[in-house]
Each structure stands twice: as C-alpha cells, then as structure tokens.
Amino acid sequence: MQVFFGPPHGDAVPHGCALTIGNFDGVHRGHQKMLARLSDAARARHLPAALLTFEPHPREVFARGNPPARLSTLRDKLAFLEAQHLLDYVFVFRFNRPFASLTAEAFIRQVLVEELHTRYLLIGDDFQFGAKRQGNFELLASCPDFVTEAMPSVLVAGERASSTRVRECLAGGDLAAAERLLGRPYQLSGRVMHGQKLGRTIGFPTANIHLPHRKPALHGVFVVEVDGPFGRKGGVASLGQNPTVTDTLNFKLEVHLFDCSADLYGQRLTVHFLKKLRDEARYDDLTELVAQIERDAASAQTYLTSLQRENA
C-alpha cells in the first residue's frame with residue numbers, strides 16, 4: 001500500500017483507479033466491508049484500489065470548540081488500512097477551509113477526474129461533499145468519467161456500524177460493543193514520555209503515553225494488554241485528567257504493566273483496552289489513591305487470568 005500526502009506524483013496512477021472516499025476513523029467493520037467490495041470491483045476492472053481520506057478530520061475544522069473524539073491517529077489508521085491488504089493507494093488530502101470551499105462540481109472535476117483519474121467510485125449511502133455539502137450520489141452518478149455505486153450501511157448485531165456509534169460505546173464504557181463494531185479491541189498507541197514519576201514512589205510505576213489528540217474517545221480506569229519491545233503484557237491503565245494529583249484539563253494515558261521493569265522512555269506502545277473497571281475519581285490523599293490503585297491492579301490481574309483460562 002503506497003501512501004500519498006496529496007495527489008499522486010507524475011504517472012503513479014496512469015490508468016486511473018477504483019476509489020472510495022471517507023474519513024475511515026477507526027476502520028470499523030463497515031469500513032472493512034466497503035474496502036472488500038472496492039477491492040473486488042477494482043480487480044474486475046483491472047484497476048488499483050484507492051482510498052481518499054482527510055487530515056485533520058473535517059469536523060475538527062468546522063467544530064473547533066467541540067470536535068468529536070478521534071478514534072485513531074493518522075498513523076494508526078494507515079496501519080489498520082494496510083493490515084486489510086485490500087488497498088494499493090491511500091491519498092491523504094489536507095482538509096482546511098479553502099479545500100472545504102470547493103463546490104461539489106469543482107471537487108469532481110479537480111480532485112476526482114484531474115488529480116486521481118477515477119474510473120470507478122464507491123461511496124456510502126449517506127455520502128455528501130463539496131461546499132455546504134451540496135454534492136450527493138445523483139451528482140456523482142451523472143459524471144461520465146467514472147462509474148459510481150453506493151454501498152448500503154453495514155449492520156453488526158443489528159446495529160449500523162459507524163464511527164459515531166463506536167464513539168458512543170466507548171464513551172459509555174461498553175468496550176464489548178465497541179469491539180464488535182471494530183472487529184478488534186479498541187486501541188491507542190503513542191510514545192512513552194517523561195511524566196511526574198509519582199507512580200514509582202508509590203509502588204506503581206507507569207508508562208506515560210503521549211496522546212496526540214486533546215479529546216480521547218474514552219476515559220476511566222481499564223484492564224489493558226500492551227504491545228511493545230517486550231512483546232505483549234497485561235496491565236491496568238488510567239486515561240483521564242488525574243484530579244487527585246494535577247489540576248490540568250489535559251488528558252493523560254498512564255499504564256502500569258505487570259511484570260515489567262524495562263526502561264520504556266521513547267518507545268512506542270500500543271494499548272488494547274479490554275474492560276472498563278471504573279470512572280476516574282478524586283481522592284483526599286495519596287493513601288486513598290494507592291489503596292484504590294491496589295484494588296484496580298488486583299481486579300485487572302483477575303480478569304486477565306480468566307481470559308488466559310478461556311483461551312487455553
């Protein structure tokens with residue numbers, strides 16, 4: 001899978017492509033079904049399969065005061081897409097006010113026809129585009145340069161698979177429902193950064209993982225499994241604002257790994273969220289906080305042990 005930041009260079013797509021368009025935030029099972037259908041259509045037409053996506057998320061541009069929580073970073077999204085083994089190209093276009101001001105007709109002519117040489121286009125059944133979202137399926141279908149098809153919504157356990165629904169499940173602490181929609185446990189990844197180092201003084205050293213987006217999709221205390229240079233280890237994680245020890249409004253992801261004493265500063269870790277234990281809380285002093293962390297760690301270890309028995 002080749003990634004272009006902007007239109008393809010030179011003759012990278014000389015004979016056109018089969019294309020789909022979308023944010024693909026989280027790359028949930030609805031997205032996965034769309035990519036599979038796109039791949040089949042591309043092979044039937046002897047075309048490469050391609051995705052046009054955007055960075056930042058368009059709603060982050062239009063709702064700067066209260067944007068939706070981002071499910072995945074661009075880096076993770078590209079990794080999820082590559083893991084599907086269904087795309088030849090991904091075009092990441094910068095979404096900003098000038099780009100958003102393109103009329104629907106200009107978007108078709110400039111982006112789809114002239115820059116991406118689209119020959120086949122697959123879109124979701126609710127797809128709208130262009131300034132004031134005036135473009136729709138009927139307008140795309142009227143374009144003679146490519147064939148346009150619409151894909152109906154994908155249902156998982158009777159509900160529509162969508163990034164919005166995944167966010168709702170995560171915000172409500174229903175990780176099992178989010179996993180059904182995603183096809184995998186929800187995860188975040190980032191590099192370990194230096195923090196206050198309070199954890200090591202109270203017997204629970206933590207890896208402080210950088211969060212590139214200000215507003216995470218979930219918050220609380222969780223049972224996790226973490227991938228890193230050590231392989232995969234279980235642990236307990238706190239994702240929140242640490243009200244007991246800080247007054248900041250910034251969110252922090254702190255992970256205490258079981259049976260791990262490695263120096264992880266600068267390492268990239270991937271945290272898989274398995275079960276929510278509780279919401280974040282403020283404690284009167286460190287003694288109460290430590291007692292709660294001990295209970296959380298014990299609960300996490302019990303849950304991970306039960307998983308191991310189930311999978312044995």
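Biologist: Which residues in helix H5 are buried?
Modeller: Helix H5 covers residues 104–115, and its buried residues are Ala 104, Ala 106, Phe 107, Ile 108, Val 111 and Leu 112. Buried means under 20% relative accessible area, with over 50% called exposed and anything in between partly exposed, using a 1.4 Å probe on protein chains only. This is a predicted model, in which local features need pLDDT of at least 70 and side-chain atom pairs count only at pLDDT 80 or more, while totals for chains, interfaces and linings use all residues. Residues are numbered from 1 along each chain as its sequence is written, and side-chain values use heavy atoms, with hydrogens and water left out.

Biologist: What do the buried residues of H5 pack against?
Modeller: They pack against strand S2 (17–21), S3, S4, H4, strand S5 (118–124) and helix H6 (137–141). Contact here is heavy atoms within 4.5 Å. Helices (H or I, at least four residues) and strands (E, at least two) are DSSP runs numbered from the N terminus.

Biologist: And what follows H5?
Modeller: His 117 does, and its phi is positive, near 50 degrees.

Biologist: Changing topic. How many aromatic pairs does the structure hold?
Modeller: Twelve. Two rings of Phe, Tyr or Trp (its six-membered ring) pair if their centres lie within 6.5 Å; planes under 30 degrees apart are stacked, over 60 edge-to-face, and the rest tilted.

Biologist: What kind of pair do Phe 54 and Phe 95 form?
Modeller: An edge-to-face one, with the centres 5.9 Å apart and 75 degrees between the planes.

Biologist: Where in the chain are Phe 54 and Phe 95?
Modeller: Phe 54 is in strand S3 (residues 49–55), and Phe 95 is in the loop between strand S4 (89–94) and helix H4 (97–100).

Biologist: Is Phe 54 buried or exposed?
Modeller: Phe 54 is buried, at a relative accessible area of 10%. Phe 95 is buried as well, with a value of 10%.

Biologist: Which residues do ring pairs link into a cluster?
Modeller: Phe 54, Phe 93, Phe 95, Phe 99, Phe 107, Phe 127 and Phe 129. One of them, Phe 107, is also in the buried set of H5.

Biologist: What about the rings of Tyr 186 and Phe 273?
Modeller: Their centres are 6.0 Å apart and their planes are at 35 degrees, so that pair is tilted. Tyr 186 lies in the loop between helix H8 (175–182) and strand S9 (187–193), while Phe 273 lies in strand S14 (residues 268–278).

Biologist: Do Tyr 186 and Phe 273 count as buried or exposed?
Modeller: Tyr 186 is buried at 5% relative accessibility, and Phe 273 is buried at 2%.

Biologist: Where does the charged end of Arg 184 sit?
Modeller: Over the ring of Phe 80, 3.9 Å from the ring centre. The test is NZ of Lys or CZ of Arg within 6 Å of the ring centre and within 35 degrees of the ring normal.

Biologist: Now the whole protein. How many helices and strands?
Modeller: Ten helices and 14 strands. The C-alpha atoms fill a box of roughly 70 × 45 × 40 Å along the principal axes.

Biologist: What share of the residues is buried?
Modeller: Buried residues are 49% of the 312 in the protein.

Biologist: And what share of contacts join residues at least 24 apart?
Modeller: The share is 74%, taken among contacts between residues at least 6 apart in sequence.
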